[in-house]
Every structure is written in structure tokens, then in C-alpha cells.
Amino acid sequence: MQTKFAIRPVAIQYTVFMLGLAVMGYGIGTMIEANLGVAPWDTLHIGLQKTFGLTIGMWSQIVGLFIIVASYLIGKIKPSVGMFLNMFFFGLFIDLFMWLKWIPVGSTVTERIVLFAAGLLIYTFGTGMYISPRLGAGPRDSFMLALHDRLGWDIGKVRIGIECTVTLLGFLLGGPVSVGTIVTAFSIGPLIKRFIPFWERVMARLYLSAAQKRELAK
């Protein structure tokens, strides 16, 4: 007797979401190992790690939890399951990949540049992947929206203000600020915008395939 089963859309959503977080974690770890500067929030996480100990991933989780609470207090943005999954697993994946030493280390400037570029592409690819299932914005994006609603400022200005503040705090705590930080600030948005449509098409095909399997399983 042949066993029939159907993949549910929610299973597809969470699988792609979690894989996206893993890819993002690997990308951030690669950028950290390149030692050419990282994104503003990661500058803060590294600065906190250098100043107070713990791991980069743990500080990503702690800061994420603090931001979830702040977003609720400021903008009454209720935490979602996706938000908590993002907070916990993103930091976990960063620590896991760096602990396993699955990330190559560049010994020359050229190798580090290539490593940084690869990490940036991997990170933005994974970001588009985790966004496409539409399970909710991550803690930092929710915080941006909360400030936008409370202050009435343009989202672009809010984002710039947050990232400048976070970069300054990270720098004062000893986090890396270099040419890679500037490159990341200007390129991360456009790259994510390119990857989101790709992953939305992938999700549409996966949903269609799941629907066909459900019909066959009847």
C-alpha cells in the first residue's frame, strides 16, 4: 500500500524561513571573518562581545529581545512567532557556524575582500529568503517601524538614524568600523530588493507544488 502525504503551506513557510536565517547567519559570520567591517548592528554586537564577553550570537539575541520589548512599548507592535524565531535562531546560527569553523579565513587583502563580498551576497540572499514566507519582520525592522509610527519620520530617515546611532555605539565599545561598514550600509538595501522577488517566485512555485501534491493525496 502506497502512503500518500501532502506538504502543507505552513511547513513550506517555516522551512524556508529557518533556512533563510541559517544562510543569513553564515553570511554574517563570513563578513566578520573577512575583518573589513560589518553591518551597523553587527558592529554593536561585536563591540558588546569585546567589552562584556559572551558571544556575538548571544548579544544578537539579547539586543533582539530588548528591541522586541522596546518596539511594543514605543509602537505597540505585538511580537510574532517569526520575530522570536528570528531573534533566537539568527544569533544561534552565527555562533554555530563560527564555532564549527565552517567559514574560510582570508590571509591576504584580496582574499579578505572576496570573503567580504561573498558574505554580503550570502547574507542578503538569506534575508530575501527569510522575508519571502511573510512570517513577520525581525526585531530590528519592527523597531524601525515603531519609531516611524511614533515620530512620524520617513522610514528612510529613521533607518539612517538608527544605523548611525548603532554604529557609533558599536565603535565606542570597540566594534569594527571600516570600509566594509560603509559598503554594507549603501548596498544591503538594493541587494535585498533584488533577492526578494526571486524568493517570492520560488515560494509561489513551492506553494503550487504543495497544492498539486494535496490533490494527488486525496
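In this predicted model, asparagine 86 is buried, with a relative accessible area of 5%. That value falls under the 20% cut-off, so Asn86 is classed as buried. Asparagine 86 sits in helix H4. Leaving aside residues up to four places away in sequence, Asn86 touches Phe17, Leu21, Tyr130, Gly138 and Pro139.

The largest nonpolar core has 28 residues. Within this core, Ile28, Met31 and Tyr123 touch the most other members. H1 supplies the largest share, eight residues. Methionine 31 has contacts with Gly37, Val38, Ala39, Phe116, Gly119, Leu120, Tyr123 and Thr184, again not counting residues up to four places away in sequence. A second core is separate and holds 13 residues, including Ile67, Met144, Leu147 and Ile162. In soluble globular proteins, nonpolar side chains tend to be buried together.

Two helix pairs that share H3 were examined next. Helix H2 (residues 40-52) and helix H3 (residues 56-75) have axes that come within 9 Å and cross at roughly 115°. The crossing of H2 past H3 is right-handed. On the H2 side, the contact is made by Trp41, His45, Ile46, Leu48, Gln49 and Phe52. H3 contributes Ile56, Trp59, Ser60, Val63 and Ile67. By class, eight residues of this contact are nonpolar and three are polar, with no charged residues.

H3 also packs against helix H6 (residues 139-151). The axes of H3 and H6 come within 8 Å and cross at roughly 25°. The angle is under 35 degrees, so H3 runs roughly parallel to H6. This crossing is left-handed. From H3, the contact draws on Ser60, Val63, Gly64, Ile67, Ile68, Ala70, Ser71, Leu73, Ile74 and Gly75. H6 meets them with Pro139, Arg140, Ser142, Phe143, Ala146, Leu147 and Arg150. The class tally is ten nonpolar, five polar and two charged residues.

Definitions and conventions
Residues numbered from 1 in each chain as written. Predicted model: local features only at pLDDT ≥ 70, side-chain atom pairs only at ≥ 80, totals over all residues. Heavy atoms only, no water. Axes fitted to C-alpha atoms, helices over the stretch in contact; angles between N-to-C directions. Helix = DSSP H or I, 4+ residues; strand = E, 2+ residues; numbered from the N terminus. Left-handed = near helix turned anticlockwise from the far one by under 90°. Contact = heavy atoms within 4.5 Å. Nonpolar A, V, L, I, M, F, W, Y, C, P; charged D, E, K, R; others polar. Core = buried A, V, L, I, M, F, W, Y, C linked by side-chain atoms within 4.5 Å. Buried < 20%, exposed > 50% of the residue type's maximum accessible area, 1.4 Å probe, protein only. Parallel < 35°, antiparallel > 145°, perpendicular 65-115°, else oblique.
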